[in-house]
Amino acid sequence: MSKVGVGLLLSAVLVLTPMWAAAAEFKVGVVDSMDIISKSAEGKRVEDSIKRKTEELSRPFAQKRQELAKQVEDFQKQASVMKEDARKTKAAELEKKMEDFQKQGADAEKKLQQFKEKEGAPLFQKLEVAVKAVAQQEKLDMVLDKRSAGLLFMDPKLDLTDKVRSKFGN
């Protein structure tokens, strides 16, 4: 091996050794955030609130859906005996009603999503505080969420869910 090759190898070892040492000290924990939130009293309250809002927003749509379905059915029965101009006018009218119905549905879905975010924000902030407290207490470098981290396997010793739950509160 040439002097340049030995020098490069020695340089690589000197540069990478501190990185390997730091990696050996790197500590990770895992938390099931949805389990903590869904089993807490606050999480159940928010879930009930979201259910009520969902029912409130969807209630008018059931009746409108039935009305539209009946109008379409009536149109289909009468279309064969209608004059072409009347049939085209009625078809355009029904299409407009269906577009309006879909737009109202999309608006309601957007309102529901905004409501979920608004209601859930304080819970996730509280969870973040609890996770930070446990991470500092356990001297961890990183905490992953079990549900969103894409974990396929983890050593159960890394699971901090119960410790975070105790900081979060039931």
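Colleague: Read along the sequence, which pattern does the chain follow?

Modeller: The pattern along the sequence is α-β-α-α-α-β-α, where helices (H or I, at least four residues) and strands (E, at least two) are DSSP runs, numbered from the N terminus. In total, the secondary structure comes to five helices and two strands. Please keep in mind that this is a predicted model, in which local features need pLDDT of at least 70 and side-chain atom pairs count only at pLDDT 80 or more, while totals for chains, interfaces and linings use all residues. Residues are numbered from 1 along each chain as its sequence is written, and side-chain values use heavy atoms, with hydrogens and water left out.

Colleague: What pLDDT does the chain average?

Modeller: pLDDT is the predictor's confidence in each residue, from 0 to 100, and the chain averages 83, with 83% of the residues scoring at least 70. Over residues 4–14, however, the pLDDT is below 50, and beyond near neighbours in sequence this stretch has one contact in the model, contact meaning heavy atoms within 4.5 Å. Where pLDDT is low, the predicted coordinates should not be read in detail.

Colleague: Which residues touch the most other members of the largest nonpolar core?

Modeller: A nonpolar core is a set of buried Ala, Val, Leu, Ile, Met, Phe, Trp, Tyr and Cys residues joined through side-chain atoms within 4.5 Å, and buried means under 20% relative accessible area, exposed over 50%, partly exposed in between (1.4 Å probe, protein chains only). Here the largest core has 16 residues, of which Ile 36, Leu 127, Leu 160, Val 164 and Phe 168 touch the most other members. Helix H2 (33–39), helix H3 (41–78), helix H4 (84–138) and helix H5 (161–168) each supply at least two residues of this core, and the largest share, seven residues, comes from H4. Apart from this core lies another, of six residues, among them Leu 68, Phe 101, Ala 108 and Leu 112.

Colleague: How do H4 and H5 cross, and at roughly what angle?

Modeller: Two packed helices are described by the angle between their axes and the distance between the axes. The axes, which are lines fitted to C-alpha atoms, for helices over the stretch in contact, with angles running from 0 to 180 degrees between N-to-C directions, come within 9 Å for H4 and H5 and cross at roughly 120°. H4 and H5 are therefore oblique to each other, since angles under 35 degrees count as roughly parallel, over 145 as roughly antiparallel, 65 to 115 as roughly perpendicular and the rest as oblique. Among the residues that make the contact are Leu 123 and Leu 127 of H4 and Val 164 and Phe 168 of H5.

Colleague: Is Val 30 buried or exposed?

Modeller: Val 30, placed in strand E1 (residues 28–31), counts as buried at 2% relative accessibility. Val 30 and Leu 158 are 128 residues apart in sequence, yet 5.6 Å apart in space, C-alpha to C-alpha. Ser 49, in helix H3, is also buried, with a relative accessible area of 11%.

Colleague: What is phi of Lys 139 near?

Modeller: Most residues other than glycine have a negative phi, and most peptide bonds are trans. Phi of Lys 139 is near 55°, a positive value in a residue other than glycine. Lys 139 is found in the loop between H4 and strand E2 (142–145), and at 64% relative accessibility Lys 139 counts as exposed.
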